[in-house]
Amino acid sequence: MTAEPFIADIGTFEATFLDFIAARDLRIARWDHTGEILGYASRAPAPDGTRSVRWERASGSATLHGFTIYHREYHPDFKVPYNVVEVALAEGPILITTVIVSDQRQLRVGMELSAVFEPSGRLVFHPATSAKESA
Amino acid sequence: MPASPRSLSAIVGLGFSALSRKPVGTVRSLAADAVRAAIDDAGLALSDIDGLLLNPSALAADNALPLKVHEDIGLRDLALLALVDAKGAAVVHMVQQATAAIRCGLATNVACVFSDTPVVPGKGAGQTFAITSPLTGIAGWERQYGLFGATGSYALAANRHMALHGWTEDDLGHYVIACRHWAALNPNAVQRAPLTLDAYRASPFVTAPFRVLDCAYPLNGAAAVVVTAAERGKDCRYKPVYVHGMGQGHPGRPLLAATPEPATGGDLAAQRAYAMAGIGPRDVTLCQFYDAFSFTALLALEEYGFCEPGDSAAFVREGHTRPGGRLPMNTGGGHLAGGYLQGMTPLAEAIEQGRGTAGDRQAPRPDMIVVNGSGGQLEHHAALVLSPEQTP
């Protein structure tokens with residue numbers, strides 16, 4: 001766990017998260033003084049008025065919060081069918097990502113997942129039983 | 001029915017431009033046409049209008065609906081002129097802002113207009129709406145997963161709600177079918193053919209659980225209303241529809257916060273509008289809900305207190321919102337079958353019902369009408385309580 005004071009203003013909050021992601025390191029942000037875990041879209045100051053957060057390494061465990069399966073191709077980079085999902089990390093925050101499955105019918109809200117970084121560096125999730133590399 | 005504290009304003013004019021799936025004009029020219037039509041419908045002259053509120057689509061090109069459109073219309077010496085941006089809630093916001101402006105003396109008669117041209121030749125209407133949905137607030141995050149369009153982000157919310165409450169895809173279909181029942185009675189609806197559950201099931205998925213038929217049917221065109229003081233309403237051409245209550249809900253909690261089920265704000269808007277009108281859901285006789293997708297109307301039934309969480313699917317399946325049902329809803333066919341004018345569709349239908357001019361689809365008791373708008377990814381909500389009856 002690291003405890004890095006940080007000013008959570010717009011832009012730098014994102015940049016820090018993305019820096020960790022680029023290093024293949026999934027982190028969660030927690031208010032330094034209150035201990036409250038932030039959602040990834042959070043921008044408001046902590047209830048005590050401070051704006052200092054620390055970034056902790058996430059366990060990589062998650063559950064499938066919601067999902068949609070695209071059947072209409074909106075961009076040539078994304079061949080249908082593919083899924084876009086919300087995963088609830090074990091620590092609480094929800095992320096937009098995708099679950100790597102051979103058959104989209106395997107997806108179920110509540111299924112257990114594990115975070116994996118693809119060779120490209122993209123963060124994806126696998127069904128917990130088939131995770132190959134924990135984040 | 002409890003007495004409303006007082007009527008806040010009156011909606012006295014309703015007008016449309018040409019509406020089509022083909023090119024029929026620019027956003028700007030269509031807006032001007034609709035405003036002129038609404039002013040004429042009210043029996044007013046251009047010189048009577050001293051306020052103009054403009055709502056371009058969130059997806060329209062920058063400056064597609066500029067402030068200078070008032071010059072195109074022929075409006076002079078305006079006391080109020082502004083763009084209103086609140087996503088899918090913006091039409092309701094315009095009526096609320098017009099009402100507030102009138103009541104504080106800033107303006108007397110305010111025209112409010114929405115205009116959009118999403119259907120472009122050679123390009124599917126869905127493609128127009130297929131921009132990346134920025135749910136996380138992290139620049140570029142959703143793009144790497146292909147989360148395009150409101151249809152994707154709303155499908156995520158729908159799927160979650162359906163799983164929590166044990167809904168099936170057919171539960172969305174029953175709502176779409178109910179809309180078709182109403183649309184069959186509306187000569188201006190765009191999808192009037194009856195729909196069976198089998199035909200619904202045969203509709204291709206766009207972003208499961210949403211099928212094509214779960215999505216709004218976009219139109220090129222504009223619609224406008226004229227709002228005036230409640231006491232002046234009776235002087236206009238048609239029976240006024242009075243604003244009795246207004247509310248908004250913007251929870252301010254990030255969509256992806258570490259909370260189990262963040263509130264959408266629909267309940268906040270509803271409770272505030274009900275409180276201002278001095279009513280509760282049991283007093284409501286008619287609903288016109290913003291249904292960019294089938295799911296949003298079902299969710300609104302729960303947020304606005306007509307059903308317990310999760311019970312709206314059964315409520316609709318049992319026919320309570322269809323013609324002859326105890327709570328007629330989206331009586332023109334809604335956005336799915338009546339045509340998508342981003343909030344003007346439900347408001348216009350409420351006005352027709354309140355006036356008693358809805359023809360074959362006229363609801364028997366349009367006494368207390370709830371209209372809502374919602375936008376973003378369900379995080380911005382606004383509501384009106386309307387009635388054909390004026391309270392002092």
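Which residue of β5(B) does A:Tyr70 stand opposite? Select A:Tyr70 and look across to chain B: the residue opposite is B:Thr207, in β5(B). Keep in mind throughout that this is a predicted model.

**Stop 1: the strand pair between chains**

**Stop 2: the whole interface**

Now select the residues of each chain that touch the other. On chain B there are 36, in contact with 39 residues of chain A. The area buried between the two chains is about 3200 Å². Carbon and sulfur atoms give 62% of that area.

The rule finds 14 residue pairs, with both residues at pLDDT 80 or more. Next, color the elements of chain B that give two or more residues to the side touching chain A: α4 (125–128), α5 (149–165) and β5 (205–208). Which of them gives the largest share? Pick α5(B), which supplies eight residues. Color the touching side of chain B by residue class, and you get 20 nonpolar, 12 polar and four charged residues.

**Stop 3: the salt bridge across the interface**

How many salt bridges does the rule find between chain B and chain A? It finds one. Select A:Asp77 and B:Arg143. Their closest N and O atoms are 3.3 Å apart. A:Asp77 lies in the loop between β3 and β4 (82–89) of chain A, and B:Arg143 in the loop between α4 and α5 of chain B, so the pair joins two chains.

Are the two partners buried or exposed? A:Asp77 has 54% relative accessibility, so this residue counts as exposed. B:Arg143 has 28%, so that residue counts as partly exposed.

**Stop 4: salt bridges elsewhere**

Zoom out. A search of the whole structure finds 20 salt bridges over all chains. Go to B:Arg361 and B:Glu349. Here the closest N and O atoms are 2.9 Å apart. B:Arg361 sits in the loop between α12 (344–355) and β10 (369–375) of chain B, and B:Glu349 in helix α12, so the pair ties together parts that are 12 residues apart in sequence. Both B:Arg361 and B:Glu349 are buried.

Move on to B:Arg365. Its salt-bridge partner is B:Asp367, with the closest N and O atoms 3.4 Å apart. B:Asp367 counts as partly exposed, at 27% relative accessibility.

Then jump to chain A. Select A:Arg30, A:Asp32, A:Arg54 and A:Glu56. Salt bridges that share partners join these four into one network.

**Stop 5: a covered strand in chain B**

Finish at β4(B), residues 109–116. How many of its eight residues are buried? Eight of the eight are.

β2 of chain B, residues 51–56, pairs with β4(B) in the parallel sense over six bridges. In this pairing, B:Asn55 stands opposite B:Phe114. β7 of chain B, residues 221–228, pairs with β4(B) in the antiparallel sense over eight bridges. To see one of those bridges, select B:Val110 and its partner B:Val227 in β7(B).

Note on methods: Residues numbered from 1 in each chain as written. Chains lettered and ligands numbered in written order. Predicted model: local features only at pLDDT ≥ 70, side-chain atom pairs only at ≥ 80, totals over all residues. Heavy atoms only, no water. Contact = heavy atoms within 4.5 Å. Buried area = accessible area lost by both parts, 1.4 Å probe. Salt bridge = Lys/Arg side-chain N within 4 Å of Asp/Glu carboxyl O. Polar contact = N/O pair within 3.5 Å; in protein donor to acceptor, adjacent residues only side chain to side chain. Helix = DSSP H or I, 4+ residues; strand = E, 2+ residues; numbered from the N terminus. Nonpolar A, V, L, I, M, F, W, Y, C, P; charged D, E, K, R; others polar. Pairing = 2+ DSSP bridges. Buried < 20%, exposed > 50% of the residue type's maximum accessible area, 1.4 Å probe, protein only.
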